[in-house]
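Colleague: I would like to go through this model term by term. Please set each value against its cut-off.

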Amino acid sequence: MKKSSNYYFSGVDTVALAQKYGTPLYVVSEDIIREKIGVIRKSFLDKYPGTKAFYASKAFLTQRMCKILIDENIGVDAVSSGEIYTALKAGVKPEHIVFHGNNKTFDDLTYAISNHVGKIVVDSMSEIELLSGLVPGLDRKVNLLIRTNPSIEAETHQYMNTARKDSKFGISLNELQDAVKLINASENLHYSGLHFHIGSQLFKIDFYLEAIRKIVARMKEIKDQLQIDTEVLNIGGGYGVDYIEKEKTVDFSEFMDTIVNELNRLLKENELKMADLYVEPGRWIIANAGITLYSVGTIKEIPGIRTFVSVDGGMPDNIRPSLYGAKYSAVVANKADQPKEELVTIAGKCCETGDVLIYDICLPKLERGDYLAVLDTGAYNYSMSNHYNMTPKPALVFVKNGEDELSIRRQTYDDLLSCEIIDEDA
Ligand SMILES: Cc1ncc(COP(=O)(O)O)c(C=O)c1O
């Protein structure tokens with residue numbers, strides 16, 4: 001069948017999707033998710049023994065996403081009890097979950113332990129103390145990784161920089177031995193290994209290599225001074241993707257080859273046992289797998305300054321541009337074959353000057369009623385969506401090999417009010 005000049009995503013006509021489900025609309029491609037996981041499998045999991053991948057579920061989490069992960073045998077990195085709950089509810093095995101967070105509460109830890117979550121990644125000495133008081137009497141040991149702060153100044157937005165010295169995350173390298181001692185002083189806690197996550201949207205491997213060198217030196221100290229092996233090294237996520245033309249998605253295979261070679265070399269040089277290697281990609285798996293469809297509304301031309309094209313969504317469905325200046329590209333879904341001849345700014349509909357999705361993008365001439373597809377919105381869009389200006393959350397559709405399926409229905413105004421308690425008699 002001859003395709004129209006509309007923009008197709010995973011073999012599906014996005015204009016037809018917008019008309020069928022309304023806009024704004026999140027569209028997620030199962031094909032792309034599986035393709036990305038396929039690369040991770042081939043270039044890392046199947047290639048190197050002792051490796052595991054945990055999808056960073058904060059990037060995008062639904063039960064359907066979990067079912068894909070289960071099918072692909074990929075674990076889940078969760079950062080809240082709600083994320084653990086979602087994963088368990090979808091059927092993820094608890095041992096396939098790692099639990100993060102810089103301020104896990106007593107209730108969070110109790111929930112994770114009682115549900116037999118595979119590994120808890122402790123983030124502070126105070127969390128280890130909290131756990132030490134929680135586990136006595138347990139009939140087993142709880143496996144812990146220590147999130148380290150390797151003090152790395154990575155090149156990314158400061159809000160996505162998570163391993164610099166001045167960060168709320170992680171235990172400093174100088175405190176590591178004390179942390180290991182504190183863990184092993186408790187009968188029911190077991191030190192399994194170390195974790196770091198340098199930041200998000202990183203393109204240079206040097207930051208990972210610098211962190212690995214610092215960490216292996218500490219593994220050596222832990223071995224020599226405490227006679228304890230580090231069984232696992234979890235190097236987090238952060239692998240960058242191409243939102244705009246000048247960016248280039250990290251070549252995962254090349255990254256992992258370099259990381260594994262350097263790690264093996266360092267372990268050998270330091271006469272350390274081979275540690276299992278975990279990764280936690282979020283964005284790299286899901287960003288390119290999502291688009292958001294909008295309808296074009298008001299167009300305001302300010303001569304000599306700019307043309308604002310407003311769409312029917314904005315910061316409630318994608319807060320990243322206003323939160324940290326994230327950049328996106330877009331296509332006009334119903335004019336995909338037309339020349340880009342107009343420089344415009346895509347504004348959201350919220351009552352905030354900062355509610356702009358894309359500054360200065362060249363697109364075909366736009367009119368009210370056109371459909372705009374903002375690309376690569378799979379990561380941290382749906383998961384960060386909110387109700388600002390009492391905006392119901394958009395519907396979410398999965399597409400796969402030319403077929404579409406509604407996965408999350410559009411919220412109603414009643415959904416927005418559903419948790420409010422009103423005394424009708426008052
Ligand atoms: C501990 C940890 N692991 C993994 C990730 C995933 O990062 P990304 O989506 O950039 O791969 C994050 C993101 O904040 C994180 O905090």
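Modeller: Start with exposure: a residue is buried under 20% relative accessible area, exposed over 50%, and partly exposed in between (1.4 Å probe, protein chains only). The model is predicted, so local features need pLDDT of at least 70 and side-chain atom pairs pLDDT 80 or more, while totals for chains, interfaces and linings use all residues. Residues are numbered from 1 along each chain as its sequence is written, and side-chain values use heavy atoms, without hydrogens and water.

Colleague: Why is Asp 415 called partly exposed?

Modeller: Asp 415 has a relative accessible area of 25%. That value lies between the limits of 20% and 50%, so the middle class applies.

Colleague: What makes Asp 415 and Arg 409 a salt bridge?

Modeller: The term needs a side-chain nitrogen of Lys or Arg within 4 Å of a carboxyl oxygen of Asp or Glu. Between Arg 409 and Asp 415 the N to O distance is 2.6 Å, so the pair qualifies. Arg 409 is partly exposed as well, at 47%. In general, side chains of opposite charge can pair when their charged atoms come close.

Colleague: How many salt bridges does the structure hold?

Modeller: The structure holds 25. One of them joins the side chains of Lys 20 and Asp 404, at 2.9 Å from N to O. Lys 20 is in helix H1 and Asp 404 in strand S20, so this pair ties together parts that are 384 residues apart in sequence. Helices here are DSSP runs (H or I) of at least four residues and strands are runs (E) of at least two, numbered from the N terminus.

Colleague: Are Lys 20 and Asp 404 buried, partly exposed or exposed?

Modeller: Lys 20 has 54%, which is over 50%, so Lys 20 is exposed. Asp 404 has 25% and is partly exposed.

Colleague: Where do Glu 221 and Arg 218 lie?

Modeller: Both are in helix H8 (residues 206-226), three residues apart, about one turn of the helix. Glu 221 is partly exposed at 27%.

Colleague: Why is Thr 23 called buried?

Modeller: Thr 23 has 17% relative accessibility, which is under 20%, so Thr 23 is buried. Thr 23 sits in the loop between H1 and S3. Leaving out residues up to four places away in sequence, Thr 23 touches Ala 18, Leu 293, Tyr 294, Ser 295, Asp 312, Tyr 371 and Arg 410. Touching, or contact, means heavy atoms within 4.5 Å.

Colleague: With which side chains does Thr 23 make a polar contact?

Modeller: The side chain of Thr 23 has a polar contact with that of Ser 295 at 2.7 Å, and another with that of Asp 312 at 2.5 Å. A polar contact is a pair of N or O atoms within 3.5 Å; within protein, one must be able to donate a hydrogen and the other to accept it, and residues adjacent in sequence count only if both atoms are side-chain atoms.

Colleague: What kind of peptide bond joins Thr 23 and Pro 24?

Modeller: The bond is cis, with omega about -10°. Pro 24 is in the loop between helix H1 (14-21) and strand S3 (25-29).

Colleague: What are the bounds of the domains?

Modeller: The domain assignment gives domain 1 (8-27 + 287-417) and domain 2 (30-285). Such bounds come from an automatic or database assignment. The domain centres, taken over C-alpha atoms, are 33 Å apart.

Colleague: How many residues are in contact between domain 1 and domain 2?

Modeller: Contact involves 26 residues of domain 1 and 24 residues of domain 2. Two salt bridges are counted between the domains. The side chains of Lys 400 and Glu 30 also form a salt bridge, at 3.7 Å from N to O; that is within 4 Å, so the term holds.
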